[in-house]
Amino acid sequence: NSFSIYQIAQIVKTCQHNHHFRVLTYNFDEYLEKYLDYLNVPYNTLYDDTCVLDDKVLIYHVHGFLPKVSAKSNLQSKYTKSIHLTEEDYNQLYNQPYSWQIASQLSFFRENTCLFVGCSLSDPNIRRLLELTNKDHRTHFAILTKDAMSPLDLAVASNHFARIGVEIIWVDSYSDVTNTLKNLYAKLTRSVDYP
């Protein structure tokens, strides 16, 4: 499949039995879950602090979750209440250090090696959380497109992200993101030592 999200679902399938493996998404949609259904990967979608935690793959929607429904009237209020869309919503959310959304992100960034896909890391709130957890000197990775940046711009950006513990995997185009994920998936499926 030529879609990045399909490659992400394949990686999730490969890693699903690692009890430390979790998925954090800033997307509201359920596209990843639909691909996991197709691949027969059991999961739980978390979008508030009442969701079930168990031994299935946990997918944290920290900015909220809107499942596909046949009509707007079928959308349950628990989903609409979970959504953070506006700058005011984000400012309110990120000024609540004990909210499950902030605690989840801090846990991810402190305890795991993360791979950012489709996330520009331009949100100052996310960068602040990364900076807070960088004291343990854990390295995370992000796949970003070069977008006609000069070599100097790439070096400056790489150094900026390295300061907050993120190593950038630069690719030329969005199709290269999918190819990079395919290569990662191939390495994971060949690895016998993956924890």
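Predicted model: local features only at pLDDT ≥ 70, side-chain atom pairs only at ≥ 80, totals over all residues.
User: At what angle do α1 and α2 cross?
Analyst: Helix α1 (residues 4-15) and helix α2 (residues 31-38) cross at roughly 55°, and their axes come within 9 Å. Helices here are DSSP runs (H or I, at least four residues), numbered from the N terminus. Axes are lines fitted to C-alpha atoms over the stretch in contact, with angles from 0 to 180 degrees between N-to-C directions.

User: Why are they called oblique?
Analyst: Angles under 35 degrees count as roughly parallel, over 145 as roughly antiparallel, 65 to 115 as roughly perpendicular and the rest as oblique; α1 and α2 are therefore oblique to each other.

User: Which residues make that contact?
Analyst: I5, Y6, I8, A9 and V12 of α1 meet Y31, L32, Y35, L36 and Y38 of α2, where contact means heavy atoms within 4.5 Å.

User: And what about α5 and α6, how are they packed?
Analyst: Helix α5 (residues 100-111) packs on helix α6 (residues 124-133) at an angle of about 50°, with the axes 9 Å apart. That makes α5 oblique to α6. The contact involves I102, Q105, L106, F109 and R110 of α5, together with I126, L129, L130 and T133 of α6.

User: Changing topic: how many aromatic pairs are there?
Analyst: The structure holds five aromatic pairs, a pair being rings of Phe, Tyr and Trp (its six-membered ring) with centres within 6.5 Å. Y60, W100 and F108 form one aromatic cluster.

User: Which charged residue sits over the ring of F108?
Analyst: R22 does: its charged end is 4.1 Å from the centre of the F108 ring. The criterion is NZ of Lys or CZ of Arg within 6 Å of the ring centre and within 35 degrees of the ring normal.

Technical notes:
Residues numbered from 1 in each chain as written. Heavy atoms only, no water. Helix = DSSP H or I, 4+ residues; strand = E, 2+ residues; numbered from the N terminus. Phe/Tyr/Trp six-rings, centres within 6.5 Å; stacked < 30°, edge-to-face > 60°.
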